[in-house]
Amino acid sequence: MKDTFRHQGKRQHLVEILKEKGIADQRVLTAIGKIPRHLFMDSSFEDHAYQDKAFPIAADQTISQPYTVAFQTELLAVEPGHQVLEIGTGSGYQTAVLCELGARVYSIERQQELFKKTKLFLQKLGYRPKYLSFGDGYKGLPLYAPFDRAIVTAGAPYVPKPLLAQLKIGGKLVIPVGDDPQIMTLFTRKSATEFEREEFGEFRFVPLLEDKN
Ligand code: SAH
């Protein structure tokens, strides 16, 4: 679990690349500049950890491309203290970004292997999400609702109703919707019954699957 000067240098270079690609939120860039992404990946990919690419993790899943993480996080507009629901814990990298932004994070993962591994790993690294759940993200976490923010990090064939229902008024949901590719979509809850919907271009994610495994 080493974070060397070489890693830190490569990480700053990645931050520059993300800026060039249009990421402007300094808090998001600072978080990415701080988190040792190479530790979230299989050691055989370590040398590539600071390329702007997705990589395989356990259970046939992927750690999202840094640009995608930055883009989604920027759209989410997290403030310190926000209650944030994340669907698809995966490697825990996005979870760590949310923790760095001062969010109280509730994250759901449907692959038991990843759930167990990432729970231990985040602890080791010193990240303290409020709650990591092994379960089905389509259902959200009604027990901990309502949320200020919700983020889905897998491709959703449709927008799960519970995720919209579990938002506070003024709350936001960022979700990639569709089969392949997905359209990055931002919902803002305007009232008990009204949601604004905005679209932000094409992305590619592993699919959001139903039920747990
Ligand atoms: N945020 C992750 C991205 C992981 S890829 C990271 O930064 O590494 C998407 C993740 O969503 C995978 O781990 C996959 O197992 C998980 N997933 C897929 N369907 C799900 C569901 N219905 N509920 C919760 N997690 C799900």
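**Close-ups of a helix pair and some salt bridges**

Across the whole structure, a search turns up eleven salt bridges. Keep in mind that this is a predicted model.

**View 1. Helices α1 and α2 pack against each other.** Here we look at α1, residues 5–20, and α2, residues 26–34. Anything over 145 degrees counts as roughly antiparallel, so that is the label for α1 and α2. Their crossing is right-handed.

**View 2. The side of α1 that meets α2.** From α1 come Arg11, Gln12, Leu14, Val15, Leu18 and Lys19. Across from them, α2 brings in Leu29, Ile32, Gly33 and Lys34. Sort the residues of this contact by type and you get five nonpolar, two polar and three charged.

**View 3. Arg204 and Asp180 join up in a salt bridge.** Their side chains come to 2.9 Å, N to O. This pair ties together distant parts of the chain, 24 residues apart. Arg204 sits in the segment after β9 (195–203), while Asp180 is in the loop between β7 (167–177) and β8 (182–189). Arg204 is exposed, at 62% relative accessibility, and Asp180 is exposed too, with a relative accessible area of 56%.

**View 4. Asp136 pairs with Lys139 in a salt bridge.** The closest N and O atoms are 3.4 Å apart. Is Asp136 buried or exposed? With a relative accessible area of 12%, Asp136 is buried.

**View 5. Glu196 and Lys190 form a salt bridge.** In this pair, 3.9 Å separates the closest N and O atoms. Glu196 counts as partly exposed, at 33% relative accessibility.

Notes: Residues numbered from 1 in each chain as written. Predicted model: local features only at pLDDT ≥ 70, side-chain atom pairs only at ≥ 80, totals over all residues. Heavy atoms only, no water. Axes fitted to C-alpha atoms, helices over the stretch in contact; angles between N-to-C directions. Helix = DSSP H or I, 4+ residues; strand = E, 2+ residues; numbered from the N terminus. Parallel < 35°, antiparallel > 145°, perpendicular 65-115°, else oblique. Left-handed = near helix turned anticlockwise from the far one by under 90°. Contact = heavy atoms within 4.5 Å. Nonpolar A, V, L, I, M, F, W, Y, C, P; charged D, E, K, R; others polar. Salt bridge = Lys/Arg side-chain N within 4 Å of Asp/Glu carboxyl O. Buried < 20%, exposed > 50% of the residue type's maximum accessible area, 1.4 Å probe, protein only.
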